Amino acid sequence: MPGPSPILSVGRPLAAGKARVEAVAETDVEWTRLIFAYLACATVWLIVGTLIGSYLSVKFVAPDIDHVSWLSFGRLRPVHTNTVFWGWTSLAMIALALYVVPKTSQRRLYSFPIAWTSLVLMNLAVIVGGALLMIGINNGGQEYREYVWPAMGLFAAGTVLTAYNLIRTIADRGIEEIYISNWYIVAGFLWTIALVTIAYVPFYQGNAISETVIQGYYMHNAVGMWFTPVVLGLTYYFLPKLLNKPIYSYSLGVLAFWTQMVFYTMIGAHHFVFAPTPWWLQTVAIIFSVGMLVTLAAGTGNFLLTMKGSGRTIARSYSLPFILAGVISYFLWSAQGTLEALRSLNPVWHFTNYTVAHSHQTMYGFVVFLVWGGIYGLLPRMTGREPSHLLAGIHFWFALIGYLIYTTALMIGGTLQGLSWIRGQAFIASVTLLVPYWLWRAVGGGMMFLSHLIFAYNLWRMRASRDEAALAARPSEALA
């Protein structure tokens with residue numbers, strides 16, 4: 001009688017085993033509590049923001065699901081985008097920066113009271129801003145700056161305080177060099193402070209054209225000069241740390257940094273190609289969008305060459321697959337943005353569902369996956385408690401497959417939508433055309449939301465226990 005199949009063997013694990021991290025590497029309890037508080041708040045906003053996004057995706061296939069004014073698409077959509085922007089992604093990135101900057105500076109964080117104050121201010125900004133949006137008080141139809149200035153002012157104040165805290169930590173560093181992670185992180189903070197100031201100062205936005213130019217500048221740089229440099233800076237720390245090998249080339253990192261600073265700041269106007277904005281401004285934006293390929297090649301090449309030969313390490317890690325997926329997404333979808341800027345392709349894709357796909361590919365596939373990789377790599381080293389390896393894998397695959405379904409459906413549907421407009425068909429024809437693609441959007445979004453619930457559970461599992469906190473050593477040992 002034949003023996004049992006090795007594939008169906010009772011003793012065979014459901015998933016391949018993952019390597020465990022080393023014992024608790026950080027023993028500063030106050031530091032651990034601060035970072036976990038940021039991540040916990042961020043995760044609450046992730047669940048809230050993407051629950052709203054999932055509900056909105058259902059509205060596309062069932063538009064009569066409700067008739068409540070404050071649940072209308074026009075009110076909930078900016079609540080969704082701003083909550084995941086300023087509540088989830090920003091707070092999660094800042095949490096990781098509050099670890100990386102002191103660690104690479106070999107100094108304890110300059111001020112914990114300032115860090116806690118920043119956390120309160122930023123949470124208040126999301127609460128106040130979201131509540132005002134739901135009752136119809138907003139800054140107009142200006143994407144990503146729908147918060148009125150008092151709400152955004154709270155977030156800006158938190159950003160200024162955090163920047164001061166990090167800069168003082170770097171200034172008091174225990175080594176001569178400033179590690180490249182800190183270049184990116186501080187640049188992101190300084191650019192964002194300037195960006196928000198420019199976006200909310202009204203005196204030079206007295207007409208529709210000037211306001212449109214400022215909107216293009218703000219909207220694109222809110223992604224490219226806040227999320228992109230900060231998360232890349234974090235990756236320059238976490239990737240070598242998790243692989244236990246140096247970054248491939250410091251020079252490539254410097255090249256990517258300065259080309260990011262030069263090229264990205266001028267490409268916002270490519271959102272308004274063929275609009276009644278100055279033609280020369282559109283052309284400059286397109287040229288600089290092409291120039292961003294230098295940044296992408298330098299940055300992505302640096303990360304991938306660092307990973308070269310580490311396939312087994314990546315396969316046995318539950319954090320590195322997130323970073324690998326984020327790095328690949330960084331190149332693919334940022335290069336896609338360059339293609340969208342070209343005048344030959346812009347008429348097909350702009351103002352269609354294709355741009356919705358693109359924004360999710362960059363913010364979710366690139367930024368959020370790198371953030372998740374950092375969180376899974378960091379917290380166990382601070383708390384000594386690991387997530388469920390199986391659930392971390394399910395989180396990864398649900399998030400990856402979900403966002404690929406979501407974005408692929410909208411890329412195909414958006415392309416067909418743009419072509420129907422070019423052919424001069426009635427607008428309602430494009431709406432009918434998109435119905436099946438909106439259904440797949442909802443399916444993909446549902447998978448993404450389920451992955452977020454799994455991540456929230458894993459984060460809770462990685463919290464520090466009271467017994468471990470009681471055994472922690474003195475804070476001065478944390479950066480030894």
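Predicted model: local features only at pLDDT ≥ 70, side-chain atom pairs only at ≥ 80, totals over all residues.
The structure contains one cavity of 30 Å³ or more. The space in the largest cavity amounts to about 40 Å³. Its lining is formed by Y99, Y237, F238, K241, L242, G377, L378 and R381. Two helices, α6 (208-243) and α12 (353-383), each contribute at least two residues to this lining. The largest share, four residues, is supplied by α6. By class, five residues of the lining are nonpolar, one is polar and two are charged.

Helix α6, which provides the largest share of the cavity lining, also packs against other helices. One of its partners is helix α5, comprising residues 180-200. The axes of α5 and α6 come within 8 Å and cross at roughly 160°. Angles over 145 degrees count as roughly antiparallel, and α5 and α6 are therefore roughly antiparallel to each other. The crossing of this pair is left-handed. In the contact of α5 with α6, 20 residues are nonpolar and five are polar, while no charged residues are present.

Another partner of α6 is helix α8, which spans residues 279-307. Here the axes come within 11 Å, and the crossing angle is roughly 10°. Because angles under 35 degrees count as roughly parallel, α6 is classed as roughly parallel to α8. On the α6 side, the contact is made by V213, L232, T235, Y236, L239 and L243. These residues meet L281, G299, N302, F303, T306 and M307 of α8. The contact of α6 with α8 comprises eight nonpolar and four polar residues, with no charged residues.

A further helix pair is formed by α13 (residues 389-422) and α14 (residues 427-461). The axes of α13 and α14 lie 8 Å apart, and the two helices pack at an angle of about 165°. This angle makes α13 roughly antiparallel to α14. The crossing of α13 and α14 is left-handed. The contact of α13 with α14 includes 26 nonpolar residues, eleven polar residues and one charged residue.

In summary, α6 supplies four residues to the lining of the largest cavity, runs roughly antiparallel to α5 and lies roughly parallel to α8.

Methods. Residues numbered from 1 in each chain as written. Heavy atoms only, no water. 1 Å grid on protein atoms, 1.4 Å probe; cavity = no way out; pocket = protein on both sides within 12 Å on 5 of 7 lines; lining within 4 Å. Points joined across faces, edges and corners; volume = space filled by probe spheres on them. Nonpolar A, V, L, I, M, F, W, Y, C, P; charged D, E, K, R; others polar. Axes fitted to C-alpha atoms, helices over the stretch in contact; angles between N-to-C directions. Parallel < 35°, antiparallel > 145°, perpendicular 65-115°, else oblique. Left-handed = near helix turned anticlockwise from the far one by under 90°. Contact = heavy atoms within 4.5 Å.
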